[in-house]
Amino acid sequence: MKLTDALLPLAARTTTGAAALLALALFARAGLTRAQPSHAAALQAQTAQASSRETVERWRESLLIDRPREVLAEAEQHPAGQTWDGEALALAARAAFVARGRQAAETWLARQPVQPETSAWLELERARIALESDELAPALAALLRDASDPAPRLAGYPDAWLYVGRAWTRVGEPARGAAFLARFVELAPLDPQTPSALHALAQEAIARGDGAAAQRWLARADENAKWQSYRRVRTLQVRESPDEPLPRLGLAQLWLQARQPAQAKSVLDELLARHADYAAGWFHLGEAQRMLDDLPAAGASYDKTLELEPEHVLARHNRATIHRLAGRLDQARADYERVVDGPRASEKSALNSHLALARVLAAQGDNAGAQARYKRYRELGGAEPLAP
């Protein structure tokens, strides 16, 4: 019941009541009128924030694939007088530094106005420029309160740890720098600068005679560098051929490999917006959603995969597993049986379905069926016990 409906019988009895009702209605209308700009402003702020985030990510990608002039071309379209996101402005300055030199970068850093809560990015960029210009003492002074400080002043920003670590290393204090570099690697394991930080840590370990630690750092550096190389290639391919599905799929697979399902999902959402009937895209979206613990969404993505490719073994196995975990044993059994009795039943990818079916049958009390399915699982090379 509406508030005005509840008041109507009482208000209709007296002129005073009617006047009160009219006043209440006018008050409510005025309140709504005042609230609307506030709500609109909140929506506008959210939209602006999302747009700024997209810009930052796009510019970071452009710098990743060595296209600073693309960043500058877009940054130069920023309306005069409009507030800058500090991170975006810092990236524009970095692009200017690469493409046109230090003076151009500093001109960008001087632009106003800037959102106060994002101004730390400009401090970091100034420190980075000092470091790149071999001005090590100013770089350290910009990021540390004093020389004995065990953490940078902007400790919440991984780049601050990286720049301090590099500066200490280059002034001849590699042991002191290693502590900062190790923290950077911990905070930003997939940053494009992480391989160089790992190599610096390996060199510091060699200098103090710790060969085992050096080997561990070098192994991580090589693995990370390969991942970064693949990421650059895939990102470039996406830029060059935006309508081709394979580059986006490859990029998503890299994020999944790195246990970054949110990043993978973002790429896959873009892929499926362009190619809605791409079964591999739906399967990998299901994988990302599964890693994000969104099993209902993952199940729906596997449904779509199987609608497009009914004999997709992994999608059917994973959907069956979601059914099993939810207690829907009959549905799980049907999916597992489709795999183990299907044309790809002898493939390695189907092996786990044989075991899973045996376990479902055991849970349903069909011990003879469970033993028969388990026997087939062992014949195909499986080694796990029937009981989980």
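Visitor: Which residues touch the most other members of the largest nonpolar core?
Guide: In this predicted model, they are Trp59 and Trp108, in a core of 56 residues. A nonpolar core is a set of buried Ala, Val, Leu, Ile, Met, Phe, Trp, Tyr and Cys residues joined through side-chain atoms within 4.5 Å; buried means under 20% relative accessible area with a 1.4 Å probe, protein chains only.
Visitor: Which element gives the most to this core?
Guide: H4 does, with 9 residues. Helices are DSSP runs (H or I, at least four residues), numbered from the N terminus.
Visitor: And what is Trp108 in contact with?
Guide: Leaving aside neighbours within four places in sequence, Trp108 is in contact (heavy atoms within 4.5 Å) with Leu72, Ala75, Glu76, Trp84, Leu89, Ala92, Ala93 and Ala96.
Visitor: How far can I take the numbering and the values?
Guide: Residues are numbered from 1 along each chain as its sequence is written, and side-chain values use heavy atoms, without hydrogens and water. Local features need pLDDT of at least 70 and side-chain atom pairs pLDDT 80 or more, while totals for chains, interfaces and linings use all residues.
Visitor: Now the overall fold: how many helices and strands are there?
Guide: The protein has 19 helices and 0 strands. Of its 388 residues, 39% count as buried.
Visitor: What share of the contacts links residues 24 or more positions apart?
Guide: Such pairs account for 51% of the contacts with a separation of 6 or more.

Definitions and conventions:
Buried < 20%, exposed > 50% of the residue type's maximum accessible area, 1.4 Å probe, protein only. Helix = DSSP H or I, 4+ residues; strand = E, 2+ residues; numbered from the N terminus.
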